[in-house]
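Thanks for sending this one over. Here are a few friendly notes to read alongside the model.

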Amino acid sequence: MASPNADLQEKYKLYHKFTKVLTLKIAQIVVQSRQGKKITHECNSKLPEDGADSSPQWFNLSIPDEPAVTEDTKRVLNGEVVDALTKVLCIEISLHTVDGDDMVLEIWTVKLAPGSEVCSPSTVYYRMSVMLKSALTISRITPAYKLSRTQHNETYKISHKIYGGEPDYNILGEKRKIVKVSELHTPIGTLIIEVVYRTKMTIMPESRQKIEQPVTATNDIMVKSDHFITESPKKNRQEKRELDLSKPLTAGAFVDTAKIKELHDTLSQRLPPEPPMAWLLAEKEKIENKMKSLTTSDDENANRPGCSTATDTDTSSAHAVSTAIEVPKNKNSEKYSGLMEFPFADGSPIAELANFYQECLQARSISEEWTDIVIDSTSTDSESLSKQLKMFEDAVPEFDNMVASMFSNSEAGSDRS
Amino acid sequence: MNARTIAFELSMEGRQVDEVVACIFHTVLFHRSSGKFTYNNEESYSIRTVSYVDVDCDFIDFTYVCCESDALGRNVKREISDFSELLRGADSTSAPPRGSISLEFFQKRRARWPFQPECVPWEVWTVYCELTESRNEQDMHSKHENVVEMLQDKIVFITEIINRHEYVPKMPSRSDADLIFDTSYSDIQPYLFKVHYNLSGAPPTSVGNTVRKLIRDTLSL
């Protein structure tokens, strides 16, 4: 009597077939729900008609098939549904930003655990359709669904990966949530569909390396390679402008950090230890002193040319006070000027700092020249001026004679005319 | 027979009532509907495909899946709107308005003439709604998030209950199909269901209602 055995084998074939199609459909549901589309009446009407006459769709649900997803899933199943599902089939959904950051959002798993229950193929078929409905329902409530509906090429994109083997849930960060979508006891084992999703939506730099781990662990991975988008520099700049200036600035590429430190030390040595902005008061005082000394020295010089040395000492003392706020000397600044150039850093705080530094340097050199002129004029010009004045005063009679002679000449000329 | 009863308690703003209830009811109905049956003979039948659509809510940040059937959508919407209007129009001076709405699945049992078929509920989903008012923008925002989180939990719970595969009526033969399924829709075949609601906040006594209706129907003959 071979017929009961053959019958049983037929049934098992059927269960395997159901399980295989169920797995394919789960992959379709998950992947399609992450493509950012909304299923509407219009999408459904585009689907091929399957009335009562034509063959109805599997599990009486209109889940369209995307060939690429079916192919990926079949490759993992490898013709051995029970084997593949015992090892766990994973559908990993991840997010890629335009900055090149990756984040795994959720992992859906389909697995076959030991523990079977006798039930008819029609019951299994009906319950599997309920399983698919639950997967559809749950796929709309995890954070990845909202993210995928709002995905845009210029911000981030969602991609998927289908592979076999135990998933590494650590890549979903802390406080991940687990939802059991469905569990079904069948004669070939207990089918379990689960989704574990991330709740902490911050991108960690180390997460990128971890994503790669399962790739090396198994050979069954298919990576969708068409989801990585070229970087948008416009967006980048916007984000970098929001740097906090109260935090230490980070050095750019090719910058010798040792030299930066040296420059920093030199600057800090030259900065006064007073409370912030106190140097402004000192500067004001210095200017006032200078102005006063200039006016008085002019007056004094007019009368007493010999006292120019006293004003000299005054100005030099004022000059000594001002050194407290000075930036490095010109020769030093040349040494550091190379460090203060930041190519490609237009608009960033570090470039602004560099501009400010350059302005300070130039401002200082101008003011120094100006002071030198003033000092020269007070010490030398006023002296020669007084000498000239004395000379001209001595020559006054000579001028008087000349004017008188010119006057008489003109009178004689007018008579003649 | 005792019906399986599942109750949810949710507080929400008046304008969110329709969508919160619709999310829950449509999720249940999606699981509890099949494609149209076409009987080849008394026992054998083929089932047509169920289409579904995504529904984005306007007053909550939520999307749910729902069977694609205009007629079913309209019927459920009408019941929910009536309840929502009643609840929102309730006196809120002393206490926040409360009400409950139930989605009851039942099967009919043939009775001897002259009695009408007996309606026996086998699963009842009840949503207890309490209306809240937000004090300010921030309060509104946090309440809105709460509603979304609660709904997510409820949706997971619904799938959990349905996947336990506890009692559901057996697939009927052609002559009994109307006792189990609502065959009035052209594009879908849900299990027989009805929606009822009241405002007191007390659970609606579905079996009692059925018995009362049965007596009334009998007397009216």
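Where do Arg75(A) and Glu71(A) lie, and how many residues apart are they? Both sit in helix 3 (residues 67–77) of chain A, four residues apart, about one turn of the helix.

This is a predicted model, in which local features need pLDDT of at least 70 and side-chain atom pairs count only at pLDDT 80 or more, while totals for chains, interfaces and linings use all residues. Residues are numbered from 1 along each chain as its sequence is written, chains are lettered from A and ligands numbered from 1 in the order in which they are written, and side-chain values use heavy atoms, with hydrogens and water left out.

1. The side chains of Arg75(A) and Glu71(A) form a salt bridge (3.1 Å, N to O); the term means a side-chain nitrogen of Lys or Arg within 4 Å of a carboxyl oxygen of Asp or Glu. Helices (H or I, at least four residues) and strands (E, at least two) are DSSP runs, numbered from the N terminus. Arg75(A) counts as partly exposed because its relative accessibility is 43%; buried means under 20% relative accessible area, exposed over 50%, and partly exposed in between (1.4 Å probe, protein chains only).

2. Over all chains, the structure holds 23 salt bridges. One of them joins Lys146(A) and Asp61(B) at 3.6 Å, N to O. This pair crosses between chains, from helix 6 (residues 143–149) of chain A to the loop between strand 5 (52–56) and strand 6 (63–67) of chain B.

3. Within chain B, Arg88(B) and Asp18(B) form a salt bridge, with their closest N and O atoms 3.9 Å apart. Arg88(B) is in helix 2 (residues 70–88) and Asp18(B) in helix 1 (residues 17–31), so the pair ties together parts 70 residues apart in sequence.

4. Now for the sheet. Chain B has an open sheet of four strands in the order 1-8-7-10, with mixed pairing; two strands pair if DSSP finds at least two bridges between them. Strand 1 (4–12) and strand 10 (193–198) of chain B are at the edges, each with a single partner strand, so one side of each has no neighbour in the sheet. Strand 7 (residues 98–109) and strand 8 (residues 118–131) of chain B pair in the antiparallel sense over twelve bridges. Ser102(B) stands opposite Thr126(B) in strand 8 of chain B.
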